[in-house]
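Please look over the sequence and the model shown below before reading on.

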Amino acid sequence: MSGEGKVVCVTGASGYIASWLVKQLLQLGYTVKATVRDPNDPKKTEHLLALDGAKERLHFFKASLLEEGSFDFAVDGCDGVFHTASPVLLFSNVSQADVVDPALKGTLNVLRSCAKVPSIRRVILTSSIAAVSFNGKPLTPDVMVDETWFSDPDFCEKSKLWYMLGKTLAEEAAWKFSEENRINMVAINPAMVIGPLLQPTLNASVKPVLNLVEGVKIPCETYRWVDVRDVAKAHILAFENPTACGRYCLVERVANHFGIFKILRGIYPDLNPPEEYTEEKASEPTYRVSKERAQSLGITYIPLEVSLKDTVESLKEKNFINA
């Protein structure tokens, strides 16, 4: 892959996935127009300006998800747009307005800007597995989740799963708008994203790993996991590959928190287990998520064990963990 001579926009460029996406795009020779809410905030820009190629080919634009038209300048003249900007509020007590409005309205604002630019040949939407698997169906060990699954907005609303609702409604609206306006769109649906951090702030999806290392009591919930570097790579493959279409679920493995701790203690033997930890619970069989479409895109997953180790070492390096 080569991005020489190509101009792309990355929305919400200071975020966890977006930062890795910018890094990989710059490595490939792309010129990147990066949107952030405040280009004067060093926490949003310094780590990106330090990337190889940033001085020559990275340009910042101020844009807000809830401000219609604010993405016009950023997407103008682009070959492609990666829409990653969306609030990720997984574990805090948030309201529907905190998550759903920015996710839904922000996605439509970006797509409206894209619809004005004939040079854009494809838009890559960062959706989520949250828009796939929350439909009330029991996730038993014999179940295989794939891209034909869609989360049910009514189920999410009744269950007060606001992040899942926001992602589901945003992706639904994006497909409808893209079809009506003949925008070539591909959706990437990653699991809980872990791996090394480029940005200086702690992101929500890495927090469970930090909690397990620090001995914070957390419930033994089951999640899907994937490495941030694979997620960024999948975005670029989905843009570059002319045959890419539809949705791509990105899940290296399904595991509960005790299963994750079991892997971590294999790497760091001195870790103290959560109070209610049991080997049986750590090894419980889970449902699976199909890897077929991701593999067809060219993704060979970084093993979860590697992702976890790199996450912890990155948290130490950034002083989130006392080494």
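Predicted model: local features only at pLDDT ≥ 70, side-chain atom pairs only at ≥ 80, totals over all residues.

Which residue of strand 5 is the bridge partner of V81? The partner is V123.

Strand 4, made up of residues 80-83, and strand 5, made up of residues 122-126, run parallel and are joined by 4 bridges. Both belong to an open sheet of 7 strands with parallel pairing, in the order 3-2-1-4-5-7-10. At its edges lie strand 3 (58-62) and strand 10 (246-250), each of which pairs on one side only. Direction ignored, neighbouring strands of this sheet are turned against each other by 20 degrees on average.

Helix 1, residues 16-27, packs on this sheet. It touches strand 1 (7-11), strand 2 (31-36), strand 3, strand 4, strand 5 and strand 7 (185-190). The direction of helix 1 makes about 165 degrees with that of strand 1. Helix 9 (residues 228-240) lies across strand 1, strand 4, strand 5, strand 7 and strand 10, and runs at about 155 degrees to strand 5.

Within the sheet, strand 1 is mostly covered, with 4 of its 5 residues buried. Strand 1 pairs with strand 2 in the parallel sense over 4 bridges, and V10 has A34 of strand 2 as its bridge partner. Strand 10 is also mostly covered: 4 of its 5 residues are buried. Strand 10 pairs with strand 7 in the parallel sense over 5 bridges, where I188 has Y248 of strand 10 as its bridge partner.

Strand 8 and strand 9 (residues 222-227) run parallel and are joined by 3 bridges; M192 has W225 of strand 9 as its bridge partner.

## Nonpolar cores

In soluble globular proteins, nonpolar side chains tend to be buried together. In this model, the largest nonpolar core has 78 residues. V10, V22, L25, V32 and L264 have the most contacts inside that core. With neighbours within four places in sequence left aside, L25 is in contact with V8, V10, Y30, V32, F82 and I236.

A second, separate core holds 22 residues, including L65, F71, V75 and L108. Two of these residues, F71 and V75, are also touched by S113, as are G69 and D72, not counting residues up to four places away in sequence. S113 itself is placed in helix 5 (residues 96-115) and is buried, with a relative accessible area of 2%.

## Aromatic pairs and charges over rings

The whole structure contains 5 aromatic pairs.

| Pair | Centre to centre | Angle between planes | Arrangement |
|---|---|---|---|
| F258 and Y277 | 5.5 Å | 55 degrees | tilted |
| F261 and Y277 | 5.3 Å | 65 degrees | edge-to-face |

F258 lies in helix 10 (residues 257-267) and Y277 in the loop between helix 10 and helix 11 (279-282), so their pair ties together parts that are 19 residues apart in sequence. F261 also lies in helix 10, and its pair with Y277 therefore ties together parts 16 residues apart in sequence. F258 is buried at a relative accessible area of 4%, F261 is buried at 0%, and Y277 counts as buried at 13% relative accessibility.

Elsewhere, ring pairs link Y30, F82 and F239 into a cluster. Y30 and F82 are also among the contacts of L25.

Charged side chains sit over rings as well. The charged end of K137 sits over the ring of W149, 4.5 Å from its centre. The charged end of R293 sits over the ring of Y248, 4.1 Å from that ring's centre. Y248 is also the bridge partner of I188 in strand 10.

Technical notes:
Residues numbered from 1 in each chain as written. Heavy atoms only, no water. Pairing = 2+ DSSP bridges. Helix = DSSP H or I, 4+ residues; strand = E, 2+ residues; numbered from the N terminus. Axes fitted to C-alpha atoms, helices over the stretch in contact; angles between N-to-C directions. Contact = heavy atoms within 4.5 Å. Phe/Tyr/Trp six-rings, centres within 6.5 Å; stacked < 30°, edge-to-face > 60°. Buried < 20%, exposed > 50% of the residue type's maximum accessible area, 1.4 Å probe, protein only. Lys NZ or Arg CZ within 6 Å of the ring centre and 35° of its normal. Core = buried A, V, L, I, M, F, W, Y, C linked by side-chain atoms within 4.5 Å.
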